[in-house]
Amino acid sequence: VQGTYETFVSMAKQHFDGSAKGKWILTGGLGGMGGAQPLAITMNEGVCLAAEVEEWRIQKRVETRYIDKMFNDIDEAIDEAVKAKENNESYIYECIHF
């Protein structure tokens with residue numbers, strides 16, 4: 001997680017005035033080290049929307065609390081990510097399964 005976190009810190013410094021707060025970031029895949037991305041994004045105060053096709057991978061990340069919510073509808077997931085962004089919520093991870 002440390003290396004992924006440092007990558008998002010650098011991204012926030014370069015593109016978002018030092019913080020990902022009020023931003024939502026789309027990423028894909030939660031296999032292997034993929035769970036580090038949602039955690040690193042929210043540690044940098046952003047909202048993560050992660051796309052994954054294997055439902056069991058999402059369930060594993062929900063059980064380990066790397067993901068807060070799972071959606072089967074991409075439009076609903078995007079709507080929730082936009083709401084979280086607009087509310088400056090930093091600690092919500094969303095994952096879609098389609």
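This report looks at charged side chains in a predicted model.

Residues are numbered from 1 along each chain as its sequence is written. Local features need pLDDT of at least 70, side-chain atom pairs count only at pLDDT 80 or more, totals for chains, interfaces and linings use all residues, and side-chain values use heavy atoms, without hydrogens or water.

**Salt bridges**

Side chains of opposite charge can pair when their charged atoms come close. A salt bridge here is a side-chain nitrogen of Lys or Arg within 4 Å of a carboxyl oxygen of Asp or Glu. The count by this rule is two.

| Salt bridge | Closest N and O atoms |
|---|---|
| Lys69 and Glu80 | 3.5 Å |
| Lys83 and Glu80 | 3.2 Å |

Lys69 sits in strand S3 and Glu80 in helix H4, so their pair ties together parts 11 residues apart in sequence. Helices (H or I, at least four residues) and strands (E, at least two) are DSSP runs, numbered from the N terminus. Lys83 and Glu80 are three residues apart in helix H4, so about one helical turn separates them. Lys69, Glu80 and Lys83 form a network of salt bridges.

Lys69 is partly exposed, at 34% relative accessible area. Lys83 is also partly exposed, at 43%. Partly exposed lies between buried (under 20%) and exposed (over 50%), using a 1.4 Å probe and protein chains only.

**A negative patch**

Asp73, Asp75, Glu76 and Asp79 form a patch of negative charge on the surface. Patch residues have over 30% relative accessible area and no salt bridge; like charges are joined within 9 Å, and nonpolar side chains within 5 Å. Asp73 lies in the loop between strand S3 (69–71) and helix H4 (74–86). Asp73 counts as partly exposed because its relative accessibility is 36%.

Conventions. Areas by Shrake-Rupley, 256 points an atom, 1.4 Å probe, with all protein chains shown as cover. Lys, Arg positive; Asp, Glu negative; His and termini not counted. Charge placed at Lys NZ, Arg CZ, Asp CG, Glu CD.
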